[in-house]
Amino acid sequence: MDSLLQIKDLRVYFHTDHGLVKAVDGISYELREGEALGIVGESGCGKSVGAMSILRLIPTPPGEIVSGAIIFKGKDILKTTEDEIRNIRGNSIAMVFQEPMTSLNPVLTIGYQICEAIALHQNMTKTEARQETLKLLKMVGISDAERRINDYPHQFSGGMRQRVMIAMALSCNPKLIIADEPTTAVDVTIQAQLLEIIKELTTRLKTSVIIITHNLGVVARYVNRMVVMYAGRIVESGTAHDVYSKPSHPYTVGLLASVPRLDKPRDSRLIPIDGQPPNLANLPPGCAFYPRCSFRMDKCSKERPELRPVEVGHFTACFADLNTYGK
Amino acid sequence: MEDTISQGETKQWSQFREVFRRVAKRKTAMLGLIIVILFLILGLFAPLIAPNNPLEHSLQHMLAKPSIDHPLGRDELGRCILSRIIYGARISLMIGLIVISIGILIGVPLGIISAYYGGKTDFIIQRFIDTMLTFPGILLALLLIAMLGVGLQNVMFAVGISTIPIYARLSRSSVLSIMGRQYIEAARSIGASDSRIILHHILPNSLSPIIVQSTLHMATAILWAAGLGFLGLGVSPPTPEWGAMLNGGRQYIRVAYHVATFPGMMIFITVLGFNLLGDGLRDALDPRLKI
Amino acid sequence: MENNVLIDVKNVSMYFPIFKGLIRKHKIADIKAVDRVDLSIDRGETLGLVGESGSGKTTLGRCITQLLTPTSGEIFFEGVDICKMKKEDLRLRRQGMQIIFQDPFDSLNPRMSAFKIVTEPLIVHTTTRGQGLVSRAVELFRLVGLDPGMMNRYPHEFSGGQRQRLGIARALAINPKFIVCDEPISALDVSIQAQIINLLEDLQSKFDLTYLFIAHDLSVVRHISHRVAVMYLGRIVEVANRDDLYKFARHPYTVALLSAVPIPDPEVEATRERIILKGDPPSPINMPPGCNFHKRCSLCTDICRKEAPRLREIGHKHLVSCHLA
């Protein structure tokens, strides 16, 4: 599998009234063709900002892509012109947003919006585009597509709107789909449907997917590799299998221990992570997780840990060796 | 388990200071604030600031040009223009405050009751407001003056009444948006009475648009009073009101422009000041503040 | 046994009428947000109420706390029907029954200090004032794990988790017996959710509280509840003890719901069976006759299309509303 996307030491800062917010503070990862990558973290960890930077959708005041490279199909997107990036958006890289309510234009029919996306990037006549749209709607499970193609967004339920978004994302055969919290605003049963659709379609069409979520279960089910983010930094990365079975960063350990699980017998207590989420405008020097870490050492408050390998393909940004502590 | 707060969150801002900080960021708003403060100082401390008696006339010095004793010159009856302007600030301040008070004290409760109780109450009050709004403000004011006669009190009363529907509408929409918030439900679930909910929960949160509106209204009130004064319908002579002064100096504009110009400038600057401040406050009190 | 029941919901329905017409409005249909629900909650227990959006769980919660008056049915709190109470009596009854709301940002008055927010129930219902209020506030702050030194701060100066603690402190202020927790952790980060769940459990054992825990996250509900009720489109489809529900779920919707919840363990996930429901929930306006789930049910038979099933007991305290269970 070839490398499709490489993020190299990306830094995105925001200039706010309250100071410089380092939303993304040096992240690097790689995505191969046909691969599904999960980016996990809580609110404010920088996962959405990182993803939006790929398509340069960050508003440039107050945001700023300070440094780093985003290499897509061999070219650094951060250095391309505005025209070139517009050509990529919706075409080679498509994005599915969290709120299907607000990402669809309420005064245009669904059919129009999808056809617009198609017409923008592919050379098709109106009829051809319409045929293509019908095909897509059926693919995402909207059964009476012929009738629904002329409906407006408000006539669809939340789950169906999200499916329309997926159809729009797929309309130009992108190489990469970025799904930003695609299921947070929908019910669990609809979430299952949508993710199955994404999974099935991407396997069939060999599209790569980045799923951004805070839901550890979703990641376990749907991705090959994952990346855990905290305070704008990557703290752990590896295959889903490795990270879940041998979590090597205290934050990952904490997250897994604090989430109740359906399949395990009911433990008497959840083990929460102490303390409060970090203040991105005022991070401590050294490791950002230091104030909340039960494995912390002196060194951690002074030096910022870099990613180091735990085993093949599994990295952690922590000075402590958690596996010697046992679990 | 004690929660500890991370460093960034321990600043104890009061909301007031935060608002001030936001206002200070816009230079125009600061300019407005300075003008308004100067205006207030003039109005409140007029007797201490004015160099001369504003009512003392001296026909031999009529239309005198600016001099050291009378820095802005004298008007058509020989009175000191500067002193009259300073006392005029006091008059305008008084007019403005009374006008706004009438509008707020009657309009805001109407709006709140209308929004809180809804249904028929809302319907009736709204139709009443609509009727009032069909009259252009100044026409309503003139109508009231025609009925009540001229004079300072009637002017204030008339202009005040005509601002009621604006405040009623404003507070109504503000309250309506607050009604849907969870903290109102929470207050209800605690068992708070209606009056408690209105006074402690709804009122404090609906003040922002009213503050902005009152600031802008001060400007309008002053302008209207000046306008009515200019038309001779406002204060009675020899009260030093800027509009009346403008009227008095109108005919002498070619020979002694200073008589009309200085009052005119004062009106302009003061109205501008309140408008700039009002705009600045509107931005500063924006819901984006997340307060 | 009877005396142990704190809340008894009998045949409660909440219908929202839809009107059409400009001049002469006439009703064309009802939205049956809650449809003939029976439920009981024992003293000291936590009943979990799960369902997806449109299930009616939030509406039911609001009916129980009388923020909404049900269209029909009775709700007994300590043996007294609160639907029929006069406004003033109800206000007094509220002392025993409190709510923790979902949105930690919106459920606190932004212009009231934390102290005022937490002591407001005391001002409304008791004569405690002055120093008495302050000491009670300190006590409450400590109970929920907040630093009493922050009493004079305003909501926006607290984090989401801390605001939710304030909401809990407020609910505890006048020693209620029953607390409705309306999605209290959905708006919080994962790492903070566990803190709040533990807090709620601790408070329950300390004060012998009874909870109605409304949520859509099944894993959380399973953890904190003793019994769980599952709602679908305004009706209760299954009620069981926590472990029975997860091991022996009988209603097809419950089974599908359970299988849709992803488990944070790739090995387990790889081997799990997944039941994907087809279609979308029908609109609550034009509900089909018969079982309200039949259109999406893979086991649907003739009787399911015609007759609505009733809740019946199929095991120890295990009730299901399905013809085929």
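Strand β9 (residues 225-230) of chain A is mostly covered, with six of its six residues buried (buried means under 20% relative accessible area, exposed over 50% and partly exposed in between, with a 1.4 Å probe and protein chains only). Strands here are DSSP runs of E with at least two residues, helices are runs of H or I with at least four, and both are numbered from the N terminus. This is a predicted model, in which local features need pLDDT of at least 70, side-chain atom pairs count only at pLDDT 80 or more, and totals for chains, interfaces and linings use all residues. Residues are numbered from 1 along each chain as its sequence is written, chains are lettered from A and ligands numbered from 1 in the order in which they are written, and side-chain values use heavy atoms, leaving out hydrogens and water.

**β9 and its partners**

- On one side of β9(A), Arg225(A), Val227(A) and Met229(A) are buried, and so are Met226(A), Val228(A) and Tyr230(A) on the other.
- Strand β3 (residues 36-40) of chain A runs parallel to β9(A), joined by four bridges; two strands pair if DSSP finds at least two bridges between them.
- Six bridges link β9(A) to strand β10 (residues 233-239) of chain A in the antiparallel sense.
- Val227(A) is the bridge partner of Ile39(A) and also of Ser237(A) in β10(A).
- The β9(A)-β10(A) hairpin has two residues between the strands, and Ala231(A) takes a positive phi near 50°.

**The open sheet**

- Four strands of chain A form an open sheet with antiparallel pairing, in the order β2-β1-β4-β5.
- Its edge strands, β2 (19-32) and β5 (75-76) of chain A, each pair on one side only.
- Strand β1 (residues 3-16) of chain A meets β2(A) through 11 antiparallel bridges, and Leu10(A) has Ile27(A) as its bridge partner in β2(A).
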